[in-house]
Amino acid sequence: MAALADLLLRPGVRLVTLTGAPGIGKTRLAVEATRAVADRFRDGAAFVDLSTVADAALVTPAIAQDLGIRDVPAIDLLDTLCAVLIEQHLLLVLDNFEQVVGASRDVAGLLDHCARLTVLVTSRTPLHVRGEHEFPVPPLALPVERKEQPEGLIAVPAVALFVERAQAVRPDFALSQQNAGAVADLCVRLDGLPLAIELAAARVKLLTPSTILQRLRSNLDLLVRRAPDVPLRHQTLREAIRWSHDLLEPVEQETFRRLAVFHGGATVDAVETVVRGNAGAERSVLDVLASLVDNSLLLHDPQPDGESRFRMLDTI
């Protein structure tokens, strides 16, 4: 929070993109950061939810609608938007941008014409426009030692979130000597992803942490939460992953699936061996790997010996 707030208020920073894996908490962080810095912008902040917008051409109309700006006949809507915002000192938040990255040029146009405008974007992939500052959102911190006492584990962010969400469905739930190890293992198994931890914790109403852990080793379908006020892609972990997968190009989808054979990651040479003969061979493996990293479906893990390894989150 402190780092993001500092970045948003830093002179010369006009575009910040929060990136990260499915369910890592980009929207929540954006909302809290906006609350923290909104009073530093003369005209406040505006939040535009793009989760239901599937066409990049509809991004500008969505921004205009949320800002109460009407389309003027015979004038391009982007020009109208620029004319209104040109004098405003505003923080504009664009949430869920990954499926409309084709509108990146429109965002760049707004920034070019409106010198006092700052844009905060949440997206599983960067916009790749001039002046962008990418802010990767990391998973929650995980337990270092599984055998740590409950009073020590509860201070670990991933464990604290699990306990908080478990108590929301079962008020008498508490971290104890009997369940602390299983809760710690669950958080590690779920990569510290807030969405995955919340979905697992909700199962405490019916199952013990050790039973949840045992079932998760072979079945992600356990991680489901049906709620009318939650987007479908956040109701199951599979949907969260599918949302990102379906945005990939076919060659990227094929490479992503083939990388599932590796446990703990792979070198570029190993990846090249596995994807050789892929239908999209006209693209280099490095280009495809870069896209998968950009889409937050693959992690780049530099090794102490200088070698690069790429791996999926264990949850994926």
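Biologist: Which residues does F162 touch, not counting residues up to four places away in sequence?

Modeller: This is a predicted model. F162 is among the residues with the most contacts inside the largest nonpolar core, which has 52 residues. Not counting residues up to four places away in sequence, F162 touches F173, V183, L186, C187, I197, A200, A201 and V204.

Biologist: How many residues are in the other core?

Modeller: The largest core has L4, L120 and F162 as the residues with the most contacts inside it. Apart from that core lies another, with L15, V48, V59 and A62 among its members; its residue count is 30.

Biologist: Which strands stand at the edges of the open sheet of five strands, and why is one side of each left without a neighbour?

Modeller: The strand order is β2-β3-β4-β1-β5, with parallel pairing. The strands at the two edges each have a single partner strand, so one side of each has no neighbour in the sheet. Neighbouring strands of this sheet are turned by 20° against each other on average, direction ignored. The edge strands are β2 (45-49) and β5 (132-136).

Biologist: What is the bridge partner of F47 in β3?

Modeller: Strand β3 covers residues 90-95, and β2 pairs with β3 in the parallel sense over five bridges. The bridge partner of F47 in β3 is V93.

Biologist: At about what angle does helix α5 run to β4?

Modeller: Helix α5 is made of residues 104-113 and lies across β1 (15-19), β3 and β4 (117-122). Its angle to β4 is about 160°.

Biologist: Is T17 buried or exposed, and which side chain makes a polar contact with the side chain of T17?

Modeller: T17 is in strand β1. Its relative accessible area is 0%, so T17 is buried. Leaving out residues up to four places away in sequence, T17 touches V121, S123, T125, P126, L127, E132, H133, E134 and F135. The polar contact, at 2.6 Å, is with the side chain of E132.

Biologist: Is T118 buried or exposed, and at what relative accessibility?

Modeller: T118 is found in strand β4. Leaving aside neighbours within four places in sequence, T118 is in contact with L8, V13, R14, F41, L90, L91 and L92. The cut-off for buried is under 20%, so T118 counts as buried, at a relative accessibility of 6%.

Biologist: Within what arc do the buried residues of α11 fall, seen down its axis?

Modeller: In helix α11 (residues 237-245), the buried residues are L237, A240, I241, S244 and H245. An α-helix has 3.6 residues a turn, so residues three or four places apart point the same way. What covers the buried residues of α11 includes α9 (194-201) and α12 (250-258). The buried residues line one face of the helix, because they fall within an arc of 135°.

Biologist: How far apart in space are V261 and H89, C-alpha to C-alpha?

Modeller: V261 lies in the loop between α12 and β6 (266-267). V261 is exposed, with a relative accessible area of 59%. V261 and H89 are 172 residues apart in sequence, and their C-alpha to C-alpha separation in space is 50 Å.

Biologist: In β8, which residue is the bridge partner of H300?

Modeller: The open sheet of three strands has the order β6-β8-β7, with antiparallel pairing. β6 and β7 (299-302) stand at the edges, so one side of each lacks a neighbour in the sheet. β7 and β8 (residues 308-311) pair in the antiparallel sense over four bridges. The bridge partner of H300 in β8 is F310.

Technical notes:
Residues numbered from 1 in each chain as written. Predicted model: local features only at pLDDT ≥ 70, side-chain atom pairs only at ≥ 80, totals over all residues. Heavy atoms only, no water. Pairing = 2+ DSSP bridges. Axes fitted to C-alpha atoms, helices over the stretch in contact; angles between N-to-C directions. Contact = heavy atoms within 4.5 Å. Core = buried A, V, L, I, M, F, W, Y, C linked by side-chain atoms within 4.5 Å. Buried < 20%, exposed > 50% of the residue type's maximum accessible area, 1.4 Å probe, protein only. Arc of directions from axis to C-beta. Polar contact = N/O pair within 3.5 Å; in protein donor to acceptor, adjacent residues only side chain to side chain.
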